[in-house]
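Open the model in your viewer and follow the selections below in order. Each stop says what to select and what is there.

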Amino acid sequence: MKEIVCKLLVIGAGPGGYICAIRAGQLGLDTVIVEKAKAGGTCLNVGCIPSKALIHAAQEFATVRHMTAPNALGITVEAPKLDLAQTVRWKDGIVGRLNSGVLGLLRKARVKIVHGEARFRDGKTVEVETETGTQLIRAETVVIATGSEPVELPALPFGGAILSSTGALSLQSVPQKLAVVGGGYIGLELGTAFAKLGAEVTVVEAMAQILPQYDAELVKPVAKRLADLGVTVLTGAKAKGYSGEALTIETASGAQKRIAADKVLVTVGRRPRTEGWGLEDLDLDRAGRFIRIDERCRTSMRGVYAIGDVTGEPMLAHRAMAQGEMVAEIVAGRKRAWDKRAIPAVCFTDPEIVTAGLSPDEARAQGYEIRVGLFPFNANGRAMTTQSEDGFVRAVARADTNLVLGLQAVGAGVSELSSAFSLALEMGARLEDIAGTIHAHPTRSEGLQEAALKALGHALHI
Ligand code: FAD
Ligand code: NAD
């Protein structure tokens, strides 16, 4: 059996693992990364990147289709055609480019890459079945970055007509009738895309509201757009099974209903990859299903760290990356701890939602007396000239000091406000700092300045 001894072993080359390994390599640590599938993990291969590619293609198609009817811009076109197989090839091309990019960055940082599934022998030793035989890796420090996988419903096992997000991202043709079980991030991002591509979409959500992690005010424009796209949304409803090209559901009133569907996309959350590869035997402390970590991403076992989705919510790529970078620096001897004020979140629905920090309800629940300023995009010149006036920017601040506690927006393209929101929170901005910053005109970002001005009681454009 071949054997490698190293300073740092990273298990999993998703956003958490590959960033950790690159930074460790840059810092001169002798680092090995093990990956059983493709570099880039869920995010790059079957998550963030391919879903955003599909969402973009769907928006382009919807824009052109809209122009087949007389419209305000006076542009008319013939009915567009869609070759989804070609769209998927284009998406795969982007994924391929980024795959090579990640591998190149790892090599440049002199990280040794081992392809295969790691299995723990003990907390510091793993075995990997590679194409050329079993590889034993002994490390001083181990980082678990094995990510997450889709939750399967017992009544709707994946396969055939029942799709996980991974299956939905590789379809070769658009389903005629698509039922989406779970109206969270993935269900709504992909459900909206398929509706724009021409599918008749029904969303079945167990809770009383779609996107239950966001407040009703933020979700309202998304619900309106879904209705405009002809998407049926059933809340308080649960899926029971699939037969004869129909999904059986129990509605909020307890009645059974059948929804015709040639495909069913199940997006009811993701669970950590903690089983089947020897992790159970390490008996690490858990936080529910996830690995428990402290503010330095240390697990309950000395020298074993965990980062990313395997450690719980929020399961977001940028959180995994920030943890990976921090852990590499800690292993290299630097003094670091998780001191982030905010992890921004973006939902790439239509319109997009972006949040950082506390919502008004969360701030009140934490005992703050607050000021809230809301600026609607229908008073913003850029929004008018790009025909997307739905939505708003909202600022939440302490009433006594004007310290900004949270920033939220819903609207076309507002994902790009996420960096301004995070920066304001990380820098400890007060409403006056945002209000006193010159925001370029005409841009949607002026909504942020106006929301701060509104909270201060002197908005200029409303
Ligand atoms: P992962 O990316 O899951 O990577 C873990 C890696 O470990 C995998 O490559 C896996 O093969 C490997 N692995 C597991 N076990 C072993 C083992 N025993 N041996 C060797 N290798 C192993 N997040 C965002 O922030 N923005 C988005 O827009 C976004 N969109 C998404 C869309 C979809 C459809 C999905 C499914 C997810 C999306 N996410 C998004 C979430 C994001 O993908 C995850 O938060 C992120 O990938 C987590 O990174 P990670 O490094 O923790 O784990
Ligand atoms: P989610 O937690 O966002 O949504 C799951 C939804 O399914 C919830 O609204 C839940 O109430 C509902 N649900 C659960 N069981 C149900 C049932 N039996 N019947 C009907 N509805 C049910 O999970 P997801 O959409 O699968 O996404 C998983 C994770 O991936 C997210 O938590 C997020 O962290 C990440 N993600 C992020 C982005 C982004 O950042 N833009 C995009 C996609 C995914």
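Which polar backbone atom is 2.8 Å from an oxygen atom of ligand 2? Select isoleucine 186: the atom belongs to its backbone, and the pair is a polar contact (N or O atoms within 3.5 Å). This is a predicted model, in which local features need pLDDT of at least 70 and side-chain atom pairs pLDDT 80 or more, while totals for chains, interfaces and linings use all residues. Residues are numbered from 1 along each chain as its sequence is written, chains are lettered from A and ligands numbered from 1 in written order, and side-chain values use heavy atoms, without hydrogens and water.

Next, select methionine 315, where a backbone N or O atom lies 2.7 Å from an oxygen atom of ligand 2. At alanine 206, a polar backbone atom is 3.1 Å from a nitrogen atom of the ligand. The protein covers 82% of the 840 Å² of accessible area that ligand 2 has on its own (Shrake-Rupley method, 1.4 Å probe).

Now show the 23 residues that surround ligand 2 (a heavy atom within 4 Å). Helix H6 (185–196) gives the most, with three residues; helices are DSSP runs of at least four residues, strands of at least two.

Move to strand E9 (residues 177–181), where four of five residues are buried (under 20% relative accessible area, 1.4 Å probe, protein chains only). E9 pairs with E10 in the parallel sense over five bridges (pairing takes at least two DSSP bridges). Select valine 180 and its bridge partner in E10, valine 203.

Last, select valine 181 and its bridge partner in E15, valine 266. E9 and E15 run parallel, joined by four bridges.

Technical notes
A polar contact is a pair of N or O atoms within 3.5 Å; within protein, one must be able to donate a hydrogen and the other to accept it, and residues adjacent in sequence count only if both atoms are side-chain atoms. Buried means under 20% relative accessible area, exposed over 50%, partly exposed in between (1.4 Å probe, protein chains only).
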